[in-house]
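The paragraphs below go through them in turn.

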Amino acid sequence: MALSKISTSYSPSQTLKTNLYSKPCVPLQGYDARRSGVSFEPHRKLRITCSVAPNQVQAPVAPVVPSDTTSSRDCYGVFCTTYDLKADEKTKSWKSLIKIAVSGAAGMISNHLLFKLASGEVFGPDQPIALQLLGSERSLQALEGVAMELEDSLYPLLREVSIGINPYEVFQDCEWALLIGAKPRGPGMERADLLDINGQIFAEQGKALNAVASRNVKVIVVGNPCNTNALICLKNAPNIPAKNFHALTRLDENRAKCQLALKAGVFYDKVSNMTIWGNHSTTQVPDFLNAKINGIPVIEVIKDTKWLETEFTERVQKRGGVLIQKWGRSSAASTAVSIVDAIRSLVTPTPEGDWFSSGVYTNGNPYGIAEDIVFSMPCCSKGDGDYELAKDVIIDDFLRARIKKSEDELLAEKRCVAHLTGEGNAYCDLPEDTMLPGEQ
Ligand code: LMR
């Protein structure tokens with residue numbers, strides 16, 4: 001199979017048609033490079049052709065769609081023609097198709113995640129899905145490569161794949177939005193700069209979700225700094241409930257469970273009630289006070305309080321950084337797994353008495369945490385995609401002081417992005433030690 005071509009002009013005569021690739025591709029609108037590549041430029045067209053070369057073209061099986069036909073996004077290759085879900089729904093009792101948008105779709109995390117989504121391990125073996133993949137102009141070739149690999153994997157549940165670089169098209173009607181794409185902090189870049197650059201991306205994507213996504217879309221923000229990015233995103237999407245936005249702290253929860261299991265000499269499935277409080281940064285608080293091993297409080301199983309307060313806590317806070325030193329890049333596979341875990345925690349009932357961690361919008365929380373920020377807290381779900389905050393949580397002075405530090409950091413981040421949340425002029429007084437888990 002030949003690689004698709006990318007061109008900036010669209011000509012209907014170039015449309016490729018085969019038995020498999022019968023639906024012509026439609027123009028996409030592009031981003032320009034101004035303002036860190038996040039501004040939407042509606043006039044410039046950018047087109048993706050289908051995944052066959054002209055000399056492979058066979059007899060047409062479908063009429064050519066004129067170039068001015070509007071489409072929400074560009075279906076990809078085989079997914080343009082094999083969609084016949086109605087028949088499959090009848091014979092296989094499948095659920096109705098759900099639409100999942102993924103940004104940063106050509107990146108390393110997505111490269112693990114997309115294949116898990118397509119295999120059925122996330123939403124179940126009776127849940128067909130559509131993947132709506134958002135990339136950037138720079139990553140468009142790679143994004144086509146991803147779509148080609150999805151084609152070649154022949155996943156029965158994967159009914160549609162579309163790719164594009166305009167969030168207003170790619171997010172159309174999506175019921176899940178997994179926002180992974182963000183810029184990493186570069187050499188010499190201040191953290192305030194990072195907040196601003198990524199904040200602009202998430203402000204734009206929040207607006208796009210607000211305009212075109214399902215009114216009940218669930219949004220998981222992964223791109224760092226994910227808590228504040230999630231806050232910016234939700235503030236720019238006033239028509240979507242703020243409760244539907246999450247910042248991914250499940251990776252931190254998994255890391256904390258692993259460290260406790262290791263210390264206690266048990267398998268990690270014996271660790272429950274693991275809360276990560278606060279920011280996905282080095283101020284995050286892995287809560288050993290409420291966590292349990294085999295249903296017994298961790299502090300009764302691991303008597304080494306000094307280890308819990310120092311080594312354990314720091315190991316979890318800085319795990320991302322240690323991993324970068326070993327790998328030479330950020331965690332990808334374990335992040336993808338934790339996104340799967342985060343989704344599954346929302347679509348399956350939480351085991352009785354247990355909870356999971358997620359960065360959620362603070363609006364009437366019972367723990368005394370400042371309102372109007374995105375803060376990781378313990379959550380329970382009935383499996384309907386929604387969650388409630390966990391009850392029966394103890395907070396002692398030690399935990400309170402740690403939580404406060406993360407809260408202060410998030411409040412400072414919020415002041416620093418006020419220009420992106422509609423709250424006036426930004427004022428950046430970030431604490432000096434504010435760092436992502438990967439920064440050391
Ligand atoms: C992680 O926790 O592994 C990442 O968020 C690290 C980072 O800073 O990119």
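Cys428 is partly exposed, because its relative accessible area is 40%. Here buried means under 20% relative accessible area, exposed means over 50%, and partly exposed lies in between (1.4 Å probe, protein chains only). The model is predicted, so local features need pLDDT of at least 70, side-chain atom pairs count only at pLDDT 80 or more, and totals for chains, interfaces and linings use all residues. Residues are numbered from 1 along each chain as its sequence is written, and side-chain values use heavy atoms, with hydrogens and water left out.

Cys428 forms a disulfide with Cys416, and their sulfur atoms are 1.7 Å apart. A disulfide is a pair of cysteine sulfur atoms within 2.5 Å. With 75 degrees about the S-S bond, this link of Cys416 and Cys428 is right-handed.

A search of the whole structure finds two disulfides. Besides the link already described, Cys75 is joined to Cys80, with 2.1 Å from S to S. The torsion about the S-S bond of Cys75 and Cys80 is about 110 degrees, so that disulfide is right-handed. Cys75 counts as buried at 16% relative accessibility, and Cys80 counts as buried at 14%. With bonded cysteines counted along the chain, the pattern is 1-2, 3-4.

Cys379 counts as buried, at 0% relative accessibility. Cys258, with a relative accessible area of 27%, is partly exposed.
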